[in-house]
Amino acid sequence: MSLEFIVEITLIALLIIFAIMAVELKKLVYAVASLGLMSTVLSIIFYVLYAPYVAVINLLVYAGAIIVLFLAVLSLTTPGEEEKIETKQEIATRISGGVLFIIIAIILVQVLITSYVGLQFAYGRTLNLPELMSFQDILKSVAQSIWQVRVMDVLIQAMALFVAGLGVAALFRKERREEK
Amino acid sequence: MIELYWYLGASAILYLIGLYCLATKRNLIKLIIGIEILINAAHLNFIALGTTATGFDPLTHTYVIISIGVGAGVIALALSLTLLVYRHYGTLDVRKMRRLKW
């Protein structure tokens, strides 16, 4: 097992775990936070898959702006926790959702297997693209560009993020006082 | 890059999680989270299919960047609708939104 394999499998596992947490956590603030973590992990995966621009834009839009929008809407609606109802209708909904889940899973696996075989055939014949940098070289070049070329931008961004975090914290603190 | 099927499987699992969320949850914000997970699964699938061990196809990156913009617009619109719905009905439970009058 190479370093590359371990890193990528860990990233994929984190992605799925955070997605499940975003769906299943009862407190909506925690669900939104794990959604942001999922978007961040997805951005790292995009970078590993040689798509740096997509990674940066994903990080800016989904892990930044959308999460702030979610938090703003949560603070304006304040539904608190998702209520726990265990009626028959609830149980029926869960069972029907599970059945739907399994059926779609079977269909998707079939589609994936067929498309994977077709893709191997197509790409083996048509694409001849130049070689890319190795994994360590990519890490080195990113570190260099962040900490040497773009150090001022990074500092300013860190400051802006810090101020935004303080603002969100202040927002929640004020609401808690009003509740008391 | 590891074998392609790992990424395809990951995006399929993400897609299923999003569908499960849309099918079973009742809170509007949870539904929007499900939509975002679905969009992310589609993006991961696109990027993984556009990348091989020897190179990548830049056109897929372009499409995904455009799709990220569109998806952000969709999510923002859905959140603003959520806010309006909460002001109108006083709840975020989708089962309680049956009245259509103003």
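1. Let's start inside helix H3(B). Its buried residues are B:Thr60, B:His61, B:Val64, B:Gly71, B:Ala72, B:Ile75, B:Leu79 and B:Thr82. Helices are DSSP runs of H or I with at least four residues, strands are E runs of at least two, and both are numbered from the N terminus.

2. A word on what you're looking at. This is a predicted model, where local features need pLDDT of at least 70 and side-chain atom pairs count only at pLDDT 80 or more, while totals for chains, interfaces and linings use all residues. Residues are numbered from 1 along each chain as its sequence is written, and chains are lettered from A and ligands numbered from 1 in the order in which they are written.

3. Back to H3(B), which runs over residues 58–89. With 32 residues, H3(B) reaches 46 Å from its first C-alpha to its last, close to the expected 46 Å (1.5 Å times one less than the number of residues). The cover over its buried residues includes H3 of chain A and helix H2 (28–49) of chain B. Just past the end of H3(B), B:Gly90 has a positive phi of about 80 degrees.

4. Zooming out, chain B has three helices and zero strands, in the order α-α-α along the sequence. Of its 102 residues, 40% are buried. Taking contacts in chain B between residues at least 6 apart in sequence, 56% link residues at least 24 apart; a contact means C-beta atoms, placed from the backbone, within 7 Å.

5. Now the two chains together: 52 residues of chain A and 46 residues of chain B take part in the contact. On the chain A side, H3(A) gives the largest share, 13 residues. That side splits into 42 nonpolar, five polar and five charged residues (nonpolar: Ala, Val, Leu, Ile, Met, Phe, Trp, Tyr, Cys and Pro; charged: Asp, Glu, Lys and Arg; polar: the others, Gly among them).

6. How do H1(A) and H1(B) lie relative to each other? Their axes come within 10 Å and cross at roughly 0 degrees, so the two helices are roughly parallel. Axes are lines fitted to C-alpha atoms over the stretch in contact, with angles from 0 to 180 degrees between N-to-C directions; under 35 degrees counts as roughly parallel, over 145 as roughly antiparallel, 65 to 115 as roughly perpendicular and the rest as oblique. The residues involved include A:Ile16 and A:Ala19 of H1(A), and B:Ile13 and B:Ile17 of H1(B). By class, this contact has 13 nonpolar, no polar and no charged residues.

Note on methods
Buried ≥ 20, exposed ≤ 12 C-beta atoms within 10 Å, placed from the backbone.
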